[in-house]
Amino acid sequence: MRAHFVLQILASDLLKVPTSTHRDLRMKKLDSLRQTLAVATAKANHSSCQHLPLDDQRDFEAAQWGKIADLPAGGVPAPDGRTAWNIAEYDFLDEDCPETVNPSLWRMAQLNKISGLFEVSDGIWQARACDYANMTIIRGESGWILVDPLMTKQTSAAALQMVNEALGERPVSAIILTHTHPDHFGGLKGVTGENPESYPPIYAPAEFMTYAASEGIFGGNQMARRAIYQFGLTLPIGPDGTVDGGIGKSPAKGQRTFVEPNFFIEKTGETQKIDGVNFIFQMASGTEAPAEFTFMLPDHKVLCMAEVCTQTMHNALPPRGAQVRDTLLWARTIDEAIGLFSADADILINCHNWPVWGKANVLTYLEEQRDIYKYIHDQSLRLANHGHTPNEIAEQIAEPDWLCEKFHARGYYGSLKFNARAVYQMYYGFYDGNPVNLHPLSPQKLGARMVDAVGGVEAALQNCRKAIENDDLQWAATLLSHVVFSPAATDEARLMLAEVYRHLGYREESGILRNAYLMGAKELSEGINPIPMVGGRNEELATALSLQDWFDAYAIRLNPDRARDANVILNFKIEEETACVCVARQTEFARINHQSADADLKIIIRKQQLEALASGKLSMEVAIDEGVQVEGAISLCQEWLNLHDNFDLWFNVVTP
Ligand SMILES: [Zn+2]
């Protein structure tokens with residue numbers, strides 16, 4: 001595990017240089033670079049959007065249409081006393097765009113701030129900007145059918161309360177989960193309540209359970225840390241901090257919950273009458289999420305494209321990390337939706353952003369959404385087949401001409417160049433074919449050698465100052481990052497890199513790339529500031545993992561040094577299931593529905609207790625008191641637990 005880098009400005013190299021004259025000189029140089037950067041950023045932001053019709057008000061009209069209520073003023077409190085959600089934190093967006101924000105992103109940020117309950121059509125409403133995603137409400141015969149009950153229990157409960165107060169109180173008669181991402185189901189218990197007896201039917205796409213938990217669990221700690229960067233979770237909200245997340249503001253900071261769905265949609269064309277309302281489903285699995293569907297409400301002439309379509313270009317690969325998404329399948333799925341539904345769809349809604357109104361607009365929008373993913377796919381591969389590597393493709397791929405008039409396909413969430421590299425990754429993997437990259441140096445070793453090669457730290461910094469003066473920021477960031485990763489790193493280098501990241505962030509059109517740069521800048525200049533993590537691990541979801549996934553996820557924590565001499569077989573009886581876990585050859589393997597005759601130990605335990613033991617929240621002694629049965633030496637069970645690593649969320653990202 002890497003040690004935390006904690007930069008303490010007061011004890012910095014900057015203050016330890018021999019004389020205050022040196023220090024003053026360095027501070028002066030840094031100040032002068034800051035001014036250079038501020039002037040260049042203002043200019044870049046001004047000129048980058050000259051070709052965009054930023055005054056076009058049509059999206060603002062579309063987003064405001066049908067508004068009937070607001071969440072109560074003052075925000076939604078979180079269980080820990082903090083605020084789970086308060087859209088008023090974004091009131092600074094009512095002002096003119098400052099020089100620290102890309103004007104195109106500012107416009108999007110204003111649109112995503114339009115919050116409250118909106119009537120979509122007779123019997124259909126949406127709660128928007130009440131969390132990161134939308135909750136859609138459909139009037140059923142006996143109650144509300146809720147689509148995607150937000151990310152946290154507190155925000156979904158607040159949204160439902162707003163619905164009941166505005167439209168009259170009714171029970172929740174059914175829940176639809178369009179896909180496997182937690183911003184669409186973490187709030188389940190805020191609308192189902194806690195009593196399993198009274199849970200309404202919950203519909204989800206086939207294989208929902210395979211992916212909902214596992215996608216975020218195997219790679220979970222790395223993904224969670226990178227999600228802090230993607231969503232800017234420790235940044236201030238404001239013109240110098242986070243302004244928008246493209247498909248919404250930011251994930252709410254409440255409690256994440258889970259209830260298992262009990263009805264699964266298997267195929268395109270499947271129809272269901274849910275609480276008296278007709279649904280026609282289309283499978284969209286493998287596009288934006290590994291399990292996803294869209295649906296048409298034929299009696300309302302409303303099409304819901306889930307998150308397959310949004311009012312921005314989406315991610316073929318989110319910067320938080322995920323398995324790469326198939327942009328070709330994405331385009332084909334939207335085209336299939338055009339064929340299936342567009343002739344009847346008067347209104348199109350999504351699970352993020354605002355609706356598209358009018359049949360002709362729906363068709364045009366769907367064609368353009370389809371074409372942006374097809375363009376990304378085809379042009380990335382055209383360039384790859386010409387022999388170009390990922391960074392060359394990103395440099396060369398051009399925005400299609402029509403994008404300057406179509407805000408809904410612009411990169412406020414995903415971005416064209418990042419997505420192009422994702423397409424390369426999907427077809428060719430991370431290796432670019434050049435043998436120099438078969439065994440590349442680690443950032444630390446490369447940094448040390450780069451600094452040596454340019455003649456030492458001072459010479460490197462001189463190069464970086466020149467690059468900043470020439471507004472060659474990517475080169476400045478690259479060289480500075482080498483210095484920061486070298487043993488010769490100084491606070492001056494870290495602070496210079498922080499400034500460059502900050503200004504790269506200020507110029508980004510993508511809200512989440514902006515967040516990533518600003519997070520890097522913050523951690524370089526202030527060190528890592530662990531805060532109680534918003535949401536964190538969803539334990540209700542973790543216990544819903546299949547036993548195979550649970551043990552496979554636990555095996556990822558096996559430390560091969562500690563397991564060098566381990567040779568142990570454990571039989572588990574976990575509620576109605578059995579598992580046999582074998583640790584040998586520094587590897588842990590679990591076979592489900594199996595018991596070994598040669599086991600060293602048999603453990604009878606509930607899944608929740610196993611999860612608590614593995615996370616260190618439960619000791620063996622208390623577990624035994626709670627009824628966990630161990631046949632064999634209890635100490636052996638503890639030894640097995642001790643073979644596993646714990647992961648620290650707050651590992652270094654922008655420093656070694
Ligand atoms: Zn989402």
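Start at helix α4. S104, L105, W106, R107, M108, A109 and L111 are buried there. Buried means that 20 or more other C-beta atoms lie within 10 Å of the residue's own; 12 or fewer is exposed, in between is partly exposed, and C-beta atoms are placed from the backbone. Helices here are DSSP runs of H or I with at least four residues, strands are runs of E with at least two, and both are numbered from the N terminus.

Two ground rules. Residues are numbered from 1 along each chain as its sequence is written. The model is predicted: local features need pLDDT of at least 70, side-chain atom pairs count only at pLDDT 80 or more, and totals for chains, interfaces and linings use all residues.

Back to α4. The helix runs over residues 103–111 and is mostly covered, with seven of its nine residues buried. What do its buried residues pack against? Two helices: α3 (58–64) and α18 (511–526).

Next, α10, residues 327–341. Its 15 residues reach 21 Å from first C-alpha to last, close to the 21 Å expected at 1.5 Å a residue. That expected span is 1.5 Å times one less than the number of residues. Buried in α10 are T327, W330, A331, T333, I334, A337 and F341. Down the axis of α10, its buried residues fall within an arc of 160 degrees, so they line one face of the helix. The arc is taken from the directions from helix axis to C-beta atoms. Their cover includes strands β12 (277–283), β13 (293–297) and β14 (302–304), plus helices α11 (359–385) and α13 (416–428).

Now the core. A nonpolar core is a set of buried Ala, Val, Leu, Ile, Met, Phe, Trp, Tyr and Cys residues joined through C-beta atoms within 7 Å. The largest one has 177 residues, and L480, L497 and V500 touch the most other members. Take V500. Leaving aside neighbours within four places in sequence, V500 is in contact with I468, L473, A476, A477 and L480. Contact means C-beta atoms, placed from the backbone, within 7 Å.

Finally, the whole protein. There are 23 helices and 21 strands. Buried residues make up 46% of the 656. The C-alpha trace spans about 75 × 70 × 55 Å along its principal axes. Among contacts between residues at least 6 apart in sequence, 73% join residues at least 24 apart.
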